[in-house]
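Please keep the sequence and the model in view while reading.

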Amino acid sequence: MSKQEIPYKIYLEEHEMPTQWYNVRADMKKKPAPLLNPGTLKPMTFEDLRPVFCDELVKQELDDTTPYIDIPQEIRDFYKMYRPSPLVRAYCLEKKLDTPAKIYYKFEGNNTSGSHKLNSAIAQAYYAKEQGLKGVTTETGAGQWGTALSMACSYLGLDCNVYMVKVSYEQKPFRREVMRTYGASVTPSPSETTQVGKKILAEHPGTTGSLGCAISEAVEAATHKEGYRYVLGSVLSQVLLHQSIIGLESKAAMDKYGIHPDLIIGCAGGGSNLGGLISPFMGEQLRGEANYQFIAVEPASCPSLTRGKYAYDFCDTGMVCPLAKMYTLGSGFIPSANHAGGLRYHGMSSVLSELYDQGLMQAVSVEQTQVFQAAEQFARVEGILPAPESSHAIRVAIDEALKCRETGEEKTILFGLTGTGYFDMVAYEKFHNGDMVDYIPTDEDLKAGFDGIPRFPGNME
Ligand SMILES: *Cc1c(COP(=O)(O)O)cnc(C)c1O
């Protein structure tokens, strides 16, 4: 098809929207390693996980054989409020870069939470509601996940308790107020409302909190209150499943115009947007039907895939969650204080970790000043102010397009634009003022994190 015939924005009709999520684990010959019970080191069972997550989500978490799972009608109706999300042909960026590459991005920032996280928030809230639960608890760092969950819970009439890392609670009042607008209760963590919070406050008076600590509080709150469960916005296989809506829509839109992406790029924090974007394409590759190149992009200051260990590790600093086998920097790893670009989780989704380990996906790390340069370049020609997280993918998409300018190759590039950056203007300000510095942890810095990875036969010996 000639260039002119492909519109700037490809939208699907409502009736073309996916009615099932795709579970890429079903097509993996070697499956991701199971979650382990940290006490017994045996795989977590349905019964083990039930007190923490709601039943249907436990089933999805443990299911690595069913390829397609129906999206309940109520979730599909909710999706229709803000989906299908546009697949955009970045004609303006291509022109600016003077590249023969064809660049597409799937834009997930068109909802109040400003990111893709709403896709899984509504699914998790729906199953909690179906089970007759009163509410859910969770943690949030910067606030995107907490916002998405608040929106989903208010829509369904569920109570939503968010433990927000204290430093963000104090420094990001706008995110906090968006959550409260949707009726969520937001507690700065660590707090006096949980045993683990009290303990941390007694040991470290004046601490400003961390994500790992907020997770421990949210899990305790869920398991000690009748009618509550805990929900998590990334990393878990169920979250990748819900996020497959991103890839399914992208693929349907591209198929409509006969477009085959050569290169699929996404930013990777816990791996949910990237996993969701690549899933249906990876499925084709795993079944031997097509070939693609997949690239995960992570910050050089939090390089779990490119410099981490592939081992069983804790998902939280409080060590209350199951052990997951993943590329990890150790649950005690905390990125340098001057890291402003998000994607600061210490581990990576078990599904993506396994695909990466099998050589089916590549990973690169990028430094934050380069990321903000790309963000600004993109904002100026494509009319969207991107989230710092998303801008990691933009950086590599631009680099690949510039390589095409050198070689004359007309590659088709697809990348995930996960969200908008309006709540990240302090980070943009640092960049504009020249106060942003790049920091790459030394091997010595990383060793401290690796030392915290549990040792047992077959793991990190
Ligand atoms: C949370 C978030 C990410 C990273 O999370 P993943 O689970 O790795 O997708 C990326 N972009 C935005 C805008 C986010 O809010």
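## Cysteines

Cys321 is buried (under 20% relative accessible area, where over 50% is exposed and values in between are partly exposed, with a 1.4 Å probe and protein chains only), its relative accessible area being 10%. Cys54 is likewise buried, with a value of 2%.

A disulfide is a covalent bond between the sulfur atoms of two cysteines. When it is taken as a pair of cysteine sulfur atoms within 2.5 Å, the count is 0 disulfides. For Cys54, the nearest cysteine sulfur belongs to Cys153 and lies 11 Å away, while for Cys321 it is that of Cys315, at 5.8 Å.

## The sheet

Helices (H or I, at least four residues) and strands (E, at least two) are DSSP runs, numbered from the N terminus, and two strands pair if DSSP finds at least two bridges between them. In the order β8-β7-β6-β9, 4 strands form an open sheet with parallel pairing. Because β8 (185–189) and β9 (228–230) each have a single partner strand, they stand at the edges, and one side of each is left without a neighbour in the sheet.

Strands β6 (residues 135–140) and β7 (residues 159–165) are joined in the parallel sense over 6 bridges, and Tyr163 in β7 is the bridge partner of Glu139. Helix α10 (residues 211–224) packs on the sheet and touches β6, β7, β8 and β9 (contact means heavy atoms within 4.5 Å). The direction of α10 makes about 170° with that of β6, where axes are lines fitted to C-alpha atoms, for helices over the stretch in contact, and angles run from 0 to 180 degrees between N-to-C directions.

## About the model

This is a predicted model, in which local features need pLDDT of at least 70 and side-chain atom pairs count only at pLDDT 80 or more, whereas totals for chains, interfaces and linings use all residues. Residues are numbered from 1 along each chain as its sequence is written, and side-chain values use heavy atoms, with hydrogens and water left out.
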